[in-house]
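Me: Hi, I have a chain open on my screen and would like to talk it through. Could you help me find my way around?

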Amino acid sequence: MNRGRVADGESEGNRGWAPVGSAGSGNGYAGWRVDGAHRYFRGMTIDEDLARRCSLEGRTAIVTGGSRGIGKAIAGQLARAGAQVMITSRKAEACEEAAAEIGHGVTWRASNVGKPEEAAAVVDATLDTFGAVDILVNNAATNPYAGPTVAVDIPRWEKTLQINLTAPLVWSQLVWDRYMKDSEGGCSIINISSVGGLSTNAALGVYDVTKAALLHLTRQLAAELGPKVRVNAVAPGLIRTDFARLLWEGERGAEVAQMYPLKRLGEPDDIAGAVLFLAAETGSWITGQTIVLDGGGLVSFQKIG
Ligand SMILES: NC(=O)c1ccc[n+]([C@@H]2O[C@H](COP(=O)([O-])OP(=O)(O)OC[C@H]3O[C@@H](n4cnc5c(N)ncnc54)[C@H](OP(=O)(O)O)[C@@H]3O)[C@@H](O)[C@H]2O)c1
């Protein structure tokens with residue numbers, strides 16, 4: 001029987017409520033009630049409570065590299081959670097298409113993340129349009145070199161560092177200086193690193209060095225920017241995007257998937273869900289941490305890569 005919404009503190013005895021998991025005996029989990037098919041927590045249905053904890057209603061986010069792949073999935077997830085989202089990448093047309101595809105709540109401005117003046121223009125445009133930047137997702141990255149790290153030429157070493165490490169620092173500085181430091185708090189910076197930042201790889205060492213440094217930048221900024229800003233990272237394994245196409249297209253993808261305990265490659269939405277978890281109230285006591293999302297690759301018995 002549906003008894004409707006129940007206020008906090010109502011006695012379970014006189015309404016026939018039973019705490020979940022304890023079949024009517026004792027208190028179970030304070031505030032949690034079951035009535036037939038309906039579950040309640042602190043006066044809200046469980047759906048309402050979960051929606052509130054995952055909601056980004058009234059929040060504004062910037063997602064770099066938001067025109068495709070993981071960044072586009074993140075932008076879509078944040079928008080569906082209620083955030084207003086600014087996406088940016090180098091190609092205006094790609095940004096425009098992605099914003100139109102995601103729909104409500106998403107706008108765009110083209111920029112190269114490695115150019116500080118273009119980064120500043122995106123942050124200012126976001127502030128002009130929405131009046132806030134509560135969430136920054138540093139997602140854009142590059143990988144211009146494959147081979148032994150000892151043999152890398154300095155221009156490509158510096159390019160990788162510039163886009164994958166310096167740019168996240170510059171964007172973090174901009175949002176901190178121009179909004180977050182004077183905000184009421186609850187802000188969040190999320191850096192998209194890689195499992196490569198936690199291991200070694202014969203061909204991707206240069207990229208991995210930048211992703212490892214990004215993880216430490218995450219910890220350092222978390223220590224510096226609390227309590228107003230939480231700073232966290234996610235470290236994806238192999239995700240089926242353009243960026244990693246060489247690693248998963250054809251039979252190679254199936255071989256890698258077999259090495260993962262979860263027996264499949266990652267999809268952009270696998271990463272987007274974790275970013276929402278970190279940005280929303282669900283992540284409100286997490287800072288300086290890295291969530292590994294790799295189908296179990298790092299704990300696999302077989303060596304990947
Ligand atoms: N895919 C994987 O297996 C994997 C695994 C671990 C970590 N990651 C990380 O996940 C993040 C996203 O990768 P992805 O796989 O989604 O890549 P992707 O599909 O190639 O998308 C990259 C996005 O970044 C933009 N971008 C690239 N360089 C840029 C620059 N200099 N300035 C501004 N925007 C730029 C691209 O748009 P434009 O071309 O228009 O600029 C695009 O929107 C990266 O940080 C990557 O290191 C990916």
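What follows is a short chat about this chain.

Me: What kind of model is this?

Reply: This is a predicted model, so please read everything below with that in mind.

Me: Fine. How many helices and strands does the chain have?

Reply: The chain has nine helices and ten strands. Of its 305 residues, 40% count as buried.

Me: And what share of the contacts comes from residues 24 or more positions apart?

Reply: They account for 65% of the contacts with a separation of 6 or more.

Me: Let's go to helix pairs. At what angle do H2 and H9 cross?

Reply: Roughly 50°, and the axes of H2 (residues 69–80) and H9 (residues 268–279) come within 8 Å. The two helices are therefore oblique to each other. The crossing of H2 past H9 is right-handed. On the H2 side the contact includes Gly-69, Ile-70, Ala-73 and Gly-76, and on the H9 side Ile-271, Ala-272, Val-275 and Leu-276 are among the residues involved.

Me: What classes of residue make up that contact?

Reply: Between H2 and H9 there are ten nonpolar, four polar and two charged residues.

Me: Staying with H9, which of its residues are buried?

Reply: They are Asp-270, Ile-271, Ala-272, Ala-274, Val-275, Leu-276, Leu-278 and Ala-279. Their cover includes helix H1 (46–54), H2, strand S7 (135–138), S8, S9 and S10.

Me: Good. Which residues of H4 meet H5?

Reply: Pro-116, Ala-119, Ala-120, Val-123 and Leu-127 of H4 do, and they meet Val-170, Trp-171, Leu-174, Val-175 and Arg-178 of H5. By class, that contact has nine nonpolar residues, no polar ones and one charged. The axes of H4 (residues 116–130) and H5 are 10 Å apart, at an angle of about 35°. H4 passes H5 in a right-handed crossing.

Me: Thanks! Now H6: how many residues does it have, and how far does it reach?

Reply: H6 (residues 205–225) has 21 residues and reaches 30 Å from its first C-alpha to its last, close to the 30 Å expected. Its buried residues include Tyr-207, Asp-208, Lys-211, Leu-214 and Leu-221. What the buried residues of H6 pack against is helix H5 (154–178) and the strands S8 (187–192), S9 (229–236) and S10 (290–293).

Me: Where is the cis peptide bond?

Reply: It runs from Gly-226 to Pro-227, with omega near 0°. Pro-227 sits in the loop between H6 and S9. Gly-226 and Gly-186 are 40 residues apart in sequence, and their C-alpha atoms are 9.6 Å apart in space. Gly-186 itself lies in the loop between H5 and S8.

Me: Is Lys-263 buried or exposed?

Reply: Lys-263 counts as exposed, because it has 11 C-beta neighbours inside 10 Å and the cut-off for exposed is 12 or fewer. Its phi is near 60°, a positive value in a residue other than glycine. You'll find Lys-263 in the loop between helix H8 (251–259) and H9.

Me: And what about Arg-42?

Reply: Arg-42 also has a positive phi, of about 45°, although it is not a glycine. With 14 C-beta neighbours inside 10 Å, Arg-42 counts as partly exposed. Its place is the loop between strand S2 (38–41) and strand S3 (44–45).

Key. Residues numbered from 1 in each chain as written. Predicted model: local features only at pLDDT ≥ 70, side-chain atom pairs only at ≥ 80, totals over all residues. Axes fitted to C-alpha atoms, helices over the stretch in contact; angles between N-to-C directions. Helix = DSSP H or I, 4+ residues; strand = E, 2+ residues; numbered from the N terminus. Parallel < 35°, antiparallel > 145°, perpendicular 65-115°, else oblique. Left-handed = near helix turned anticlockwise from the far one by under 90°. Contact = placed C-beta atoms within 7 Å. Nonpolar A, V, L, I, M, F, W, Y, C, P; charged D, E, K, R; others polar. Expected span 1.5 Å × (residues − 1). Buried ≥ 20, exposed ≤ 12 C-beta atoms within 10 Å, placed from the backbone.
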